Amino acid sequence: MTSPKKATATAHPNIALVKYWGKRDEALILPHQSSLSVTLGPLSVTTTVEFREGPDEVELNGRVAEGSERSRVLHVLDVLRAGTPQGGAKVVSRGDFPASAGLASSAAGFAALAVAARAAAGLPRDPRAESILARLGSGSACRSVQGGVCIWRRGQAADGSDSFAEQLVDASFWPELRLVVAMVSREEKDVKSRDGMRLTEETSPYYLAWATDAELEVERASELIRRKDLEKLGELAERNAWRMHATALAADPPLCYLKPATLELILRLKEARRQGVPVWFTLDAGPNPVLLTDAAHEDAAVALARSCGAAEVVRCAPGGDARVVDAHLF
Ligand code: PMV
């Protein structure tokens, strides 16, 4: 294929119901266990990549990227350029949701980067290759290349060639599913996922149990999604989040991502369920729960989040695949 040299792609973030927590290979970002997530529409990140003469330039959300942000973007491009030599790259990326929304914009950002960079290099669409490339920027990004529900299989190969995400069902499979992000705290977390997972793996005596259990939970979650069993899936998502946080709490020093408001909201869900509202939570490495419910109870879930002090609430539903778009950012 000939190279168009400039391409733009859009991707959605995702929320894991069975989390990825811990790497067996830090450089290649290979996980110890498989994970499963829902791609979140309507939130998105759009990235334009152009290969041309000159030094690499990276701009993220209106400012020049520096330090590890810049080097992670360039690492993804360098892996691509090692296979199909290109010139220097200009990358401009913009998200339509605030980084403070508590959702990692890096998953959507690296998925959009991988899709745009391959397209700019003249390569055909290939979800497996895009997922592997996105994974090198941020592990969870490999699950944002496709929409609906995706499973990141841990793989076995030392080079990571079998560690990528595949779609279980597309976004149209379960349109009534709702994911409500409850922003109960805007505080920056003190330990980033990357460092938190390393510390957990190295020092938590529960780590092996966590990884073994998560691998099995992916299979159970897949079956519950196929059956659209919200109640059982909600229960599974809650116990997986608790198990991840319990494993992290057992690290040395302990890692606690919960804030008092996190716990207050989580504990209120039981009462809401008793009153007939089907709502469960999941929680990434941060203080803001994501509530799982259905379209009919979305307003009730939003009201509950607000009553527990959520200053901002983001309503999401399963989103579609990352796609190449015509409108470039520069
Ligand atoms: O891909 P990273 O480095 O942002 O790590 C993601 C870790 C969790 O969000 C806590 C879990 C997950 O699977 O998304």
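Let me start with Phe281, which is buried, with a relative accessible area of 2%, where buried means under 20% relative accessible area, exposed means over 50% and partly exposed lies in between, taken with a 1.4 Å probe on protein chains only. What we have on the screen is a predicted model, in which local features need pLDDT of at least 70 and side-chain atom pairs count only at pLDDT 80 or more, while totals for chains, interfaces and linings use all residues. Residues are numbered from 1 along each chain as its sequence is written, and side-chain values use heavy atoms, with hydrogens and water left out.

Now to the aromatic rings. The whole structure holds 3 aromatic pairs, counted when the ring centres of Phe, Tyr or Trp (its six-membered ring) lie within 6.5 Å, with planes under 30 degrees apart called stacked, over 60 edge-to-face and the rest tilted. One of them joins Tyr20 and Trp152 edge-to-face, at 4.7 Å centre to centre and 65 degrees between the planes. Because Tyr20 sits in the loop between β2 (14-18) and β3 (23-25) and Trp152 in strand β10 (residues 149-152), this pair ties together parts that are 132 residues apart in sequence. Both Tyr20 and Trp152 are buried. Phe281 belongs to another edge-to-face pair, with Trp242, at 5.5 Å centre to centre and 80 degrees between the planes. Here Trp242 comes from helix α6 (residues 230-249) and Phe281 from strand β13, 39 residues apart; helices (H or I, at least four residues) and strands (E, at least two) are DSSP runs numbered from the N terminus.

Strand β14 itself (residues 290-294) is mostly covered, with 4 of its 5 residues buried.

Elsewhere there is an open sheet of 6 strands with mixed pairing, in the order β8-β7-β9-β6-β1-β16. Its edge strands, β8 (63-64) and β16 (323-325), each pair on one side only. Strand β1 (residues 6-11) meets β16 in the antiparallel sense over 3 bridges, and within that contact Ala9 has Val324 as its bridge partner.

A word on the cysteines: how many disulfides does a search of the whole structure find? The search finds 0, a disulfide being a pair of cysteine sulfur atoms within 2.5 Å. For Cys150 the closest cysteine sulfur is in Cys142, 8.6 Å away and so too far for a bond, and Cys150 is buried at 1% relative accessibility. For Cys316 the closest cysteine sulfur is that of Cys150, at 15 Å, again too far for a bond, and Cys316 is likewise buried, at 1% relative accessibility.

Lastly, the lining of the second largest pocket includes Glu187, Asp190, Tyr257 and Pro287. By class it has 6 nonpolar, no polar and 5 charged residues, where Ala, Val, Leu, Ile, Met, Phe, Trp, Tyr, Cys and Pro count as nonpolar, Asp, Glu, Lys and Arg as charged, and the others, Gly among them, as polar. A pocket, on a 1 Å grid over the protein atoms alone, is an open set of points where a 1.4 Å probe fits, with protein on both sides within 12 Å along at least five of seven lines, and lining residues have an atom within 4 Å of a point.

Key. Pairing = 2+ DSSP bridges.
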